[in-house]
Amino acid sequence: MSGTPGDPLEGLPFSRSRAVERFEEEMFGPKRLESLAEQARAETRKNFGRTMRLFAPLYLSNECVNTCRYCGFSKDNPIRRVTLTPEEVEGEARHLAGLGFRNVLLVSGEHPREVPVSYLVETVRRSARLFPSVAIEVAPLETAEYRDIVEAGAEGLVLYQESYDRAAYAEMHVSGPKRNFDERLGGPERGYQAGFRRIGLGVLVGLADWRRELVALAAHVSHLMKVGWKAQITLALPRLRPAAGGFQPRVGMSDRDFVRAICAFRVAFPQVGIVLSTREPAKLRNGLMDLGVTMMSAGSETDPGGYTGAGRERLHRTVRGREVALEANEEEGAEATEQFEVSDERSPEELSRELRRRGIDPVWKDWDQALAG
Amino acid sequence: MSMMVQGLDPWRIGDREFRSRLLIGTGKFSSIRSMQSALEASGAEIVTVALRRVDLTGLKDPQADMLEEIDPKKYLVLANTSGAMNADEAVRLARLAVAAGLPKWVKLEIHPDPRYLLPDPIETLKATEILVKEGFTVLPYINADPVLAKRLEEAGAATVMPLGAPIGSNRGIETRAQIGIIIEQSRVPVIVDAGLGAPSHAAEALEMGADAVLINTAIAVAEDPAAMARAFRLGVEAGRAGYEAGLGPTGRTASATSPLTGFLDE
């Protein structure tokens, strides 16, 4: 099937495995959502127990050389920007550790000058002293660069393809290195070769026909499970949220379809982790706690310095890529601009209370730096 | 129930004697309280804890304090090295556990594949050799491979822990023929470790002559973990009692209770 015109896997180096077919059956077949949900819950309990792993994102920088239509950090958006110093990152990390997190995800825009690999290595090294588990979500890197980051103490790599539809991808990524679809597509495998133990894949729902995107994601997961057989794979289906730039999703996905997708992935890939961020509202997150999701963030800030106010004195704007100081009248109390608006604003403590109320044990620590080879 | 337990032979691992033949794993429970009530109901004396879930820095991290909730006077806490992908990582974890105050006992789990969690035989043998030399009591989790079981025994492993089916699969003793050979040949206790989903599976393992079983998922994710723990305890006791009573041989055809050749004795 794949390779034929119109097929969701057309032009992708993935084959349609049995698991992908199973995903399609569950997602698009006649099964009632309720019975699919029952199956998903049973599989989740069997494979992950009555537990939920918790993590927090830590934004390092919102500076970016890419122009992407949907992203708040897009180069052409005249937003307030800053790159935290490694000391400031450590301060934010300390704050998150104080809230109880033991698993942190370092996130950054792509900016080779402001956010070079040496900087990432340094921030990972400092974070690994405070967290048993450190992951990164940054632009795709080369294997040797990934290796340096693994050696500094990161064991998780998150790299969403955003869209598996080449035409939509080209349209959305207007300029900058992110235009290179294949460079990004190969990132997770390079990361695996470099020694990452947890690898997160995903699509940004809203850029292209999500039905096709989900099938392609399933094929990517299935492919990576074979190539990267020693890695724990996770997947996520972030739906576009309001952000600077005001991009409107092309193809919306209803809550019902979203829940069905989570359940279908759970049943087709019983051992793959599913991540749900604070993009989604509290009610939906509560409902999904027992239906396939295995990892959640809480109390997230999506701007650099968002937790402690670090870096505010260096905020600046970029106009067509050039740095411009803030206007005098907005310096007071201004924060860096967030990547997107979070929807579920509950604190980690509130979220864990809800989990416990539903008979799910919040797990903060599920890794140890002693495991890092 | 307690009368039955007392009626059963004690068994030993290394220099320690146990009466319960049910070991419990502590992952996947919905809460600490749910785990504690299951431990209580199971009558277990040995409890395994994943080192990656607990604080190994000695700082008593409240976000990873499961060890604080298990009474070391009631249970032997058996650290497991789950998460380790090779011998080096497992050895490092085992040493850290001792430094953090745990007993020098380790359930060696080295599974590079995070999906089926099948153990790596080569790394497991390597790690066993190292840890035995360092004075650890080593209980390796293995595939049901009789030759590997003998190699580990020769390397000084205190038990072997072959799997019935992949961890968490609840499929029962799919490796029955191989486990039969391991039990027949082994000079150390054989603990069937993974995949047992129902009390009848546990009974089957004990009837076959396994010394004990380890259960985690089937109890942790049951609707009522304490009730399921009790059920497994009964399954284990029934299986062991059946084994000690001497099970009759099984065959494919009926066998007459009045022998066909009885006339020869007339």
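Visitor: Which residues form the negative surface patch?
Guide: This is a predicted model. Patch members have over 30% relative accessible area and no salt bridge. In chain A, the negative surface patch is formed by A:Glu301, A:Glu338, A:Glu341 and A:Glu345.

Visitor: Is A:Glu345 buried or exposed?
Guide: A:Glu345 sits in the loop between strand E13 (322-325) and helix H12 (348-357) of chain A. Exposed means over 50% relative accessible area. A:Glu345 has 64% relative accessibility, so the residue counts as exposed.

Visitor: Where does A:Gly252 lie, between which elements?
Guide: A:Gly252 is a loop residue of chain A.

Visitor: Why does A:Gly252 count as exposed?
Guide: The cut-off for exposed is over 50%. A:Gly252 counts as exposed because its relative accessibility is 56%.

Visitor: What separates the C-alpha atoms of A:Gly252 and A:Glu142?
Guide: Along the chain, A:Gly252 and A:Glu142 are 110 residues apart.

Visitor: Which strands are the edge strands of the open sheet in chain B?
Guide: Eight strands form this sheet, with parallel pairing. Their order is E8-E7-E6-E5-E4-E3-E10-E9. An edge strand here pairs on one side only. That gives strand E8 (161-162) and strand E9 (191-192) of chain B.

Visitor: Which residue is the bridge partner of B:Ile24 in E10(B)?
Guide: Strand E3 (residues 22-25) and strand E10 (residues 212-215) of chain B run parallel. Three bridges join them. In E10(B), B:Ile24 has as its bridge partner B:Ile215.

How values were computed. Residues numbered from 1 in each chain as written. Chains lettered and ligands numbered in written order. Predicted model: local features only at pLDDT ≥ 70, side-chain atom pairs only at ≥ 80, totals over all residues. Heavy atoms only, no water. Helix = DSSP H or I, 4+ residues; strand = E, 2+ residues; numbered from the N terminus. Buried < 20%, exposed > 50% of the residue type's maximum accessible area, 1.4 Å probe, protein only. Patch = residues over 30% accessible without salt bridge, like charges linked within 9 Å, V, L, I, M, F, W, Y side chains within 5 Å. Areas by Shrake-Rupley, 256 points an atom, 1.4 Å probe, with all protein chains shown as cover. Salt bridge = Lys/Arg side-chain N within 4 Å of Asp/Glu carboxyl O. Lys, Arg positive; Asp, Glu negative; His and termini not counted. Charge placed at Lys NZ, Arg CZ, Asp CG, Glu CD. Pairing = 2+ DSSP bridges.
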